[in-house]
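Hi,

Here is the structure I promised to pass on. Have a look at it first, and my notes follow below.

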Amino acid sequence: MKSVTKLAHSLAEQPRAVILNGAPEGHDAATIGDLVEHGAAETWLHVCRDDGRMARLAAALAFFHPHLTVMTFPAWDCLPYDRVSPNGEIVSRRIDTLTRLASGEAAPLIILTTVNALVQRVPPRKLFEGRVLTLGPGGRIPLERLQSFFRNNGYNRTETVREPGEYAVRGGIVDLYPAGAAQPVRLDFFGDTLESLRSFDPLTQRSTRPLEKFELRPVSEVLLDDQAIQRFRTRYREAFGGLGTDDPLYESVSAGRRQAGMEHWLPFYYERLETLFDYLPRAAVSLDHQAEEARAHRLESIADFYAARRSLSGKATGAAPLYRPVPPDQMFLDKAEWQKALAGRAVVQLSPFAVPEGERDAFDAGARPVRSFVAERADPKVNLFDAVRDYLAAEQKAGRRAAIAAYSEGSADRLATVLRERGLADLRRAADSRALHRLPKNAFGLVILPLEQGFATDALVLLGEQDILGDRLARTPRRRRTIDEFISEAASLSPGDLVVHSEHGIGRYEGLETIDVGGAPHDCLKVLYAGDDRLFVPVENIEVLSRYGSEEAGAQLDRLGGAGWQSRKARVKQRIREIAGELIRVAAERQLRPGETLSPPDGIYEEFAARFPYPETDDQLRAIEDTLTDMASGKPMDRLICGDVGFGKTEVALRAAFVAAFAGGQVAVIVPTTLLARQHYRTFTERFAGLPLRIAQLSRLVSAKEAK
C-alpha cells in the first residue's frame with residue numbers, strides 16, 4: 001500500500017492522474033489537507049458532486065485542517081437557460097472567490113467547487129482588475145465616486161438594504177451589502193471623510209460591531225459599462241438576426257438597465273469567457289467519488305434545456321417574452337475541453353473503496369466506512385446504546401482513538417447524556433482534530449461534524465450520528481409566521497407598490513408617516529386609493545395589509561368606502577360556495593362507486609422501498625401512508641400531492657405506481673414537457689431496474705385534450 005505522504009511527493013515530482021482509494025466521506029477532507037501540507041501542490045481545487053457535499057467538505061476541512069485557507073465557489077442556484085437570475089448571496093460568494101484568486105491569494109490554498117459550477121464559464125480575470133475598493137476610518141472618498149463605483153459594479157439602490165448587492169444613501173450615511181460579507185456595512189461620512197464603519201443586522205437595521213477596514217468588490221458577473229452594452233447588442237443581433245420590439249432583454253440591456261435572467265447570456269458581454277481552471281493554472285485537482293457521472297448528467301441536462309428552449313425560439317408562450325438561448329458551447333465546457341483543462345495537472349480521483357488488485361497508480365488513504373448499527377436498531381431485544389458503548393470500548397482497547405461526530409450542539413448534548421447513562425463516562429468535547437488527538441488515551445471524543453457516515457483508520461474510529469441512529473437528531477425547525485414577518489414584509493415595500501387591504505381592497509403604498517393621535521405621535525402606513533383618498537394604517541395593525549400578488553399592469557385602485565371591493569368579495573365567496581357544492585357532490589358519488597382494491601405485495605414492496613437513497617421525511621411518510629390507504633380502500637382515489645421542487649413527490653408516486661403495476665394494473669405518467677418526460681422515464685427505469693415490470697416510453701407528448 002502506498003501512503004498519502006508518498007503520493008504527495010510523487011505528484012509533486014510527476015503531476016499525473018491517479019486514483020486514491022480508501023477515502024470515504026470525512027476522511028477525504030483530511031486526506032486532501034494532508035496532500036497540501038506535504039507539498040503535493042500549493043493550490044488545490046476539489047470538485048464536489050453538489051452543493052450539499054461541498055458544505056460538508058468545507059466543515060470537515062475546518063475540523064481536520066483549521067489552519068488552511070479554504071474558499072468555496074458555488075454554482076448558480078437557477079436552472080440552465082432560466083428566466084431568473086442566480087441568488088445574490090451565491091453570486092457574492094462566487095465573485096468574492098474570483099476576485100481573491102485574480103489578485104493572487106496567498107498559498108497554501110484549497111478551493112472547493114461543484115461539478116455544476118466548474119463546467120460553466122466565468123467572466124475573465126481582467127474584469128476584476130481595479131475593481132476592488134478598500135475603505136477604512138479616516139479615508140477620503142467623494143460620495144459621487146462611491147456611488148459611481150456602486151453603479152459600475154452591479155449594486156442596486158434601494159430604500160432599505162437587506163440583500164447582497166444593495167446600497168442606500170441617506171445624507172452622510174451609506175448602507176451597502178458587499179460581496180462575500182456576512183452582514184451589510186454602514187458607512188458614516190463627514191463631508192468626504194469616512195469617520196466610521198460598522199456592520200449591522202439587515203433585519204433590525206441596528207449596528208452590531210465596528211470595522212477597521214473593508215474591501216468592496218463587484219456583486220454581479222454582468223457589469224454593464226458602455227463596452228459591455230455595445231458588445232451585447234452586436235453579438236445578440238449576430239446570433240439571432242433581426243429583432244422586433246418584443247424582446248425586453250435586448251431593450252433593457254441597450255438602455256443600461258439590469259434585467260432578470262440577463263446572466264444567462266454571459267458570453268455576449270465580454271470578449272471571451274474563462275473557466276475556473278484559468279484562474280488556477282497550476283492547481284492540482286481532486287474529484288469526488290462519482291463526480292464524473294455527475295458531470296455527464298449535467299451536460300445531458302444542459303442539452304435538454306437548450307433543446308427545449310430552441311423548440312420554442314422565435315415565439316412567445318402566453319405572457320412570457322421571447323427567449324433566444326445561447327449555444328451550450330459558448331456557456332459550458334464540453335467533454336473535450338474538460339479533459340484538456342485537466343491535462344498536465346496532478347489529478348486525484350477519490351474513491352471510498354479498497355484498492356483493486358493489479359491497479360496501477362492506485363494509492364491507499366487507509367480508511368474504510370465505519371460499522372453501522374442497523375441490526376441493533378431493528379432488534380428490540382438489543383439496547384442500541386449498549387452496543388455503541390461496547391463497540392467504542394473495543395476499538396479503544398485495540399489502540400485506536402474513538403470518537404462520535406454529531407450534527408449540532410443539541411444533538412451532541414443528547415447523545416452525551418444517553419451514552420454517559422450507559423457507562424461511557426469519560427466522553428469529552430473536542431473543537432477540531434488537534435484537540436481530539438490531545439485528549440487522554442482512555443477518553444472518548446465528541447465532536448461537531450456533519451458526517452453522512454463515519455470512518456475508521458488504523459489510528460482513529462469516528463462514528464457518525466446517523467451510523468448510530470439511522471437519522472439525525474437535529475431537525476430543521478418549522479417556520480412560524482409571526483408579526484416580525486409582517487413588519488419585515490412592510491419594510492421591503494417601496495413607495496408606489498400596490499397592496500391589498502382586507503376591508504378596502506387595492507391601494508398604493510406611499511410610505512410610513514407619523515401622525516398626531518390624541519396628542520401623541522403614531523407611526524402609520526399611508527395607502528392611497530382612487531379619488532386621491534388616503535388611509536392611514538397603524539403599524540400594529542399591519543396584518544390587514546398584504547403585497548399585491550399579481551402583475552401590476554392594468555390594476556385599478558379601489559375607492560375607499562366604495563362597494564366595488566365588497567361586491568368582488570361577495571362574488572368570490574359565492575363562487576367558492578358553488579365550487580364547494582360541486583366538490584361535495586363529486587366526493588359523494590366517488591364514495592358510492594366501487595373501485596379496485598390495490599395493496600402492497602409483502603416482501604418485494606419493502607425491498608423496492610429500500611432502494612430509495614434518502615430517509616423519508618414525516619410529511620413524505622404521511623403522504624405515502626395516505627396514498628396506499630386510498631388504494632387499498634376499494635374506492636376511486638382522488639388525492640393531490642403538493643410540494644416544492646426536490647421535496648420527494650416523485651418518490652410517493654413511484655410507490656403508488658409499484659403497487660398498481662404489481663396488482664396487474666397499468667400506470668401512465670403524464671407530464672407537460674419533453675424534458676420532464678425524459679427525466680421521469682429515467683427515474684422510473686432506475687428504480688424499477690431488475691423487477692418483473694415493463695416500462696414503455698412514449699415518443700410524443702399527450703396533449704391535455706387527448707389525456708382527458
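This is a predicted model: local features need pLDDT of at least 70, side-chain atom pairs count only at pLDDT 80 or more; totals for chains, interfaces and linings use all residues.

In which sense do strand E3 and strand E4 pair, and over how many bridges? They pair in the parallel sense, with five bridges between E3 (residues 69-73) and E4 (residues 109-114).

The average pLDDT for the protein is 84, and 91% of the residues score at least 70. Two stretches call for care. Residues 474-482 stay under 50 in pLDDT, and the model gives them nine contacts beyond four places in sequence. The pLDDT is also below 50 over residues 699-708, a stretch with nine contacts beyond near neighbours in sequence. Where pLDDT is low, the coordinates should not be read in detail.

Next, the antiparallel sheet. Five strands make an open sheet, ordered E25-E24-E23-E22-E26. Strands E25 (533-538) and E26 (545-547) are at the edges with a single partner strand each, so one side of each has no neighbour in the sheet. On average, neighbouring strands in this sheet are turned by 45° against each other, ignoring direction. The partner of E25 is E24 (residues 520-529), and the two pair in the antiparallel sense over six bridges. Within that pairing, Lys 526 sits opposite Phe 536 in E25.

- H21 (residues 618-631) and H22 (residues 649-662): their axes come within 10 Å and cross at roughly 25°. Angles under 35 degrees count as roughly parallel, so H21 and H22 are roughly parallel to each other. H21 passes H22 in a right-handed crossing. On the H21 side the residues in contact include Ala 623, Ile 624 and Leu 628, and on the H22 side they include Val 652, Ala 656 and Val 659.

- H1 (residues 4-13) and H2 (residues 27-37): here the axes come within 9 Å and cross at roughly 50°. That makes H1 oblique to H2. The crossing of H1 and H2 is right-handed. Val 4, Leu 7 and Ala 8 in H1 meet Thr 31, Asp 34 and Leu 35 in H2.

That's what I have so far.

Cheers

Key
Residues are numbered from 1 along each chain as its sequence is written. Side-chain values use heavy atoms; hydrogens and water are left out. pLDDT is the predictor's confidence in each residue, from 0 to 100. Contact means heavy atoms within 4.5 Å. Two strands pair if DSSP finds at least two bridges between them. Helices (H or I, at least four residues) and strands (E, at least two) are DSSP runs, numbered from the N terminus. Axes are lines fitted to C-alpha atoms, for helices over the stretch in contact, and angles run from 0 to 180 degrees between N-to-C directions. Angles under 35 degrees count as roughly parallel, over 145 as roughly antiparallel, 65 to 115 as roughly perpendicular and the rest as oblique. A crossing is left-handed if the near helix is turned anticlockwise from the far one by less than a right angle, and right-handed if clockwise.
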